[in-house]
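Here is a short briefing on a single protein chain.

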Amino acid sequence: MSSKLKILKYYLGFKNRHFSSRKQLEEYADKKIARHLRFVTEKSEFYRPYAGKPLSEFPVIDKKIMMDNFDTINTVGINKEEALEFAVNAERSREFNPKLKGITVGLSSGTSHSRGAFLVEKTETEKWAGFVLAKFLPHGILGKYRVAFFMRANSNLYESVGSGNIKFEFYDIYADMDENIDKLARLGADIVVAQPSALLMLASAIDSGRLNIHPETVISIAEVLENEDEKRIKKSFGIDVIHQVYQCTEGCLATTCRCGTLHLNEDIVHIEKEYIDDRRFIPIITDFERTSQPIIRYRLNDVLVERKEKCPCESVYTALERIEGREDDVFVFTSKDKKIRIFPDFIRRCILFAGNITDYRIVQQKDSSVVVYADIDDEMKAAVTQEFEKLAEDNGFGMPALSFESYSYDKSRKLKRVERLS
């Protein structure tokens with residue numbers, strides 16, 4: 001069966017999957033988890049000792065444990081160093097089509113530990129594409145769509161949603177945003193997928209008359225969508241609902257319903273809730289569709305807020321009030337009389353590409369200077385400086401005054417790895 005037919009099969013499966021009760025959903029998930037654990041304990045050296053045990057007896061892991069045991073956790077025989085080298089080279093070259101041993105490899109900067117890699121094999125890619133299409137195509141898979149996808153890095157994973165009637169246009173946010181806006185103005189889009197920071201720039205272009213597009217669906221990804229930003233984006237685009245995808249390298253955890261409420265995708269991901277109070281919880285996730293790099297009892301550092309009121313859509317999936325994730329800021333530099341905006345991911349990558357730095361904060365001061373808080377030696381400081389110089393050169397702004405301080409974190413405040421003081 002061709003890849004496109006498989007995507008269609010998965011699309012139809014997800015589109016037609018309905019649960020009449022919470023109990024029915026949980027029984028379905030339990031069967032999927034049991035089958036998945038049998039596969040994982042047979043194929044993954046790390047999980048082999050847990051064969052025959054219930055999910056509750058598997059260890060809770062995080063990104064550090066995942067990367068420390070990368071070689072023995074994954075089931076496709078790829079080691080950490082080759083995966084990281086492959087992913088970093090793809091990011092540097094901006095060439096994202098090649099695969100490593102037939103596996104899509106991506107780079108993750110993360111929020112609490114050092115850089116990491118994620119693996120996705122072909123069947124997982126096809127399932128992901130089918131799932132996304134089932135969730136967000138307003139008129140079904142037979143309709144014609146132009147999809148504008150603003151991302152830091154393109155990938156075989158994202159390209160998989162393209163087909164004869166779905167034209168997929170990747171907009172590299174590493175490129176000049178003015179050029180992206182001009183390109184979007186020429187091509188138009190029925191569906192726009194972007195980070196809130198990028199959506200706000202598009203909204204400004206619409207408000208100024210520079211961008212004249214009327215997408216039917218706008219999807220927010222990657223960053224926390226603040227309420228005020230959501231209102232502004234809705235007004236500029238002239239739509240009632242901004243859809244959201246809460247996705248990380250560990251899985252697609254939540255998507256919005258027709259009412260605009262985020263619901264956990266509990267038909268593909270099992271979520272254990274580590275409650276902080278009566279509504280806030282830390283998710284511990286088990287993705288029972290993920291096989292190449294098993295995600296089992298993986299503790300994220302995000303804080304989610306559960307919605308107590310039932311959503312009008314009457315879904316049996318857990319509804320979220322909001323995601324209290326870190327809110328990163330866009331850095332602003334000046335080139336002549338022009339403001340250059342740099343997305344937080346690129347600031348993080350100045351640390352990521354420099355080497356294995358576990359804890360850090362990067363703060364842009366009010367005078368546009370940058371302070372890096374990290375306990376690193378002179379060699380690593382030089383490497384970080386070199387990455388900032390490259391970032392400045394690539395984006396056409398002057399190298400900011402860069403200084404280094406010891407790492408510190410005020411535990412009374414939400415941790416921000418990247419922050420701009422205004």
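Contact here means heavy atoms within 4.5 Å. By that criterion Tyr-47 touches Val-40, Thr-41, Phe-58, Pro-59, Ile-61, Ile-73, Pro-294 and Ile-296, leaving out residues up to four places away in sequence. This is a predicted model, in which local features need pLDDT of at least 70 and side-chain atom pairs count only at pLDDT 80 or more, while totals for chains, interfaces and linings use all residues. Residues are numbered from 1 along each chain as its sequence is written, and side-chain values use heavy atoms, with hydrogens and water left out.

**Overall make-up**

- The chain holds 12 helices and 20 strands. Both are DSSP runs numbered from the N terminus: helices are H or I with at least four residues, strands are E with at least two.
- Of the 422 residues, 54% count as buried. Buried means under 20% relative accessible area, exposed means over 50%, and partly exposed lies in between (1.4 Å probe, protein chains only).
- The accessible surface comes to about 19,700 Å², and 47% of it belongs to carbon and sulfur atoms. Areas come from the Shrake-Rupley method with a 1.4 Å probe; for residues, only the protein chains shown count as cover.
- Among contacts between residues at least 6 apart in sequence, 62% join residues at least 24 apart.

**Nonpolar cores**

- A nonpolar core is a set of buried Ala, Val, Leu, Ile, Met, Phe, Trp, Tyr and Cys residues joined through side-chain atoms within 4.5 Å.
- The largest core has 69 residues, and Tyr-47 and Ile-285 touch the most other members. Helix 6 (residues 122-136) gives the largest share of this core, six residues.
- In soluble globular proteins, nonpolar side chains tend to be buried together.

**Buried residues in loops**

- Ile-78 sits in the loop between helix 4 (70-73) and helix 5 (80-93). Its relative accessible area is 1%, so Ile-78 is buried.
- Beyond its neighbours within four places in sequence, Ile-78 contacts Phe-70, Asp-71, Ala-83, Leu-100, Lys-101, Ile-103 and Leu-119. Leu-119 is 41 residues from Ile-78 along the chain, with a C-alpha separation of 8.9 Å.
- Phe-343 is in the loop between strand 16 (338-342) and helix 11 (344-352). Phe-343 is buried, with a relative accessible area of 4%.
- Not counting residues up to four places away in sequence, Phe-343 touches Ile-173, Ser-197, Ala-198, Met-201 and Val-330. Phe-343 and Gln-195 are 148 residues apart in sequence, yet 9.6 Å apart C-alpha to C-alpha.
- Helix 11 is mostly covered, with nine of its nine residues buried. Charged residues Asp-345, Arg-348 and Arg-349 are among those buried.
- Ile-376 lies in the loop between strand 18 (370-373) and helix 12 (378-395). Ile-376 counts as buried because its relative accessibility is 17%.
- Ile-376 touches Ile-357, Lys-381, Val-384 and Phe-404, not counting residues up to four places away in sequence. Between Ile-376 and Asp-359, 17 residues apart in sequence, the C-alpha distance is 9.7 Å.

**Second largest pocket**

- On a 1 Å grid over the protein atoms alone, a pocket is an open set of points where a 1.4 Å probe fits, with protein on both sides within 12 Å along at least five of seven lines; lining residues have an atom within 4 Å of a point.
- The second largest pocket has about 810 Å³ of space. Grid points are joined across faces, edges and corners, and the volume is the space filled by probe spheres set on the points.
- Its lining has 26 residues, with His-18, Lys-135, Thr-256, Cys-257 and Arg-258 nearest the centre.
- Helix 1 (3-15), helix 6 and strand 8 (251-256) are the elements that each give two or more residues to this lining. Helix 6 supplies the largest share, four residues.
- By class, the lining has 11 nonpolar, eight polar and seven charged residues. Ala, Val, Leu, Ile, Met, Phe, Trp, Tyr, Cys and Pro count as nonpolar, Asp, Glu, Lys and Arg as charged, and the others, Gly among them, as polar.

- Arg-297, in strand 12 (residues 295-299), has a positive phi near 50°. Arg-297 is buried at 11% relative accessible area.
- Glu-314, in the loop between strand 13 (304-306) and strand 14 (319-323), has a positive phi of about 65°. Glu-314 counts as exposed, at 59% relative accessibility.
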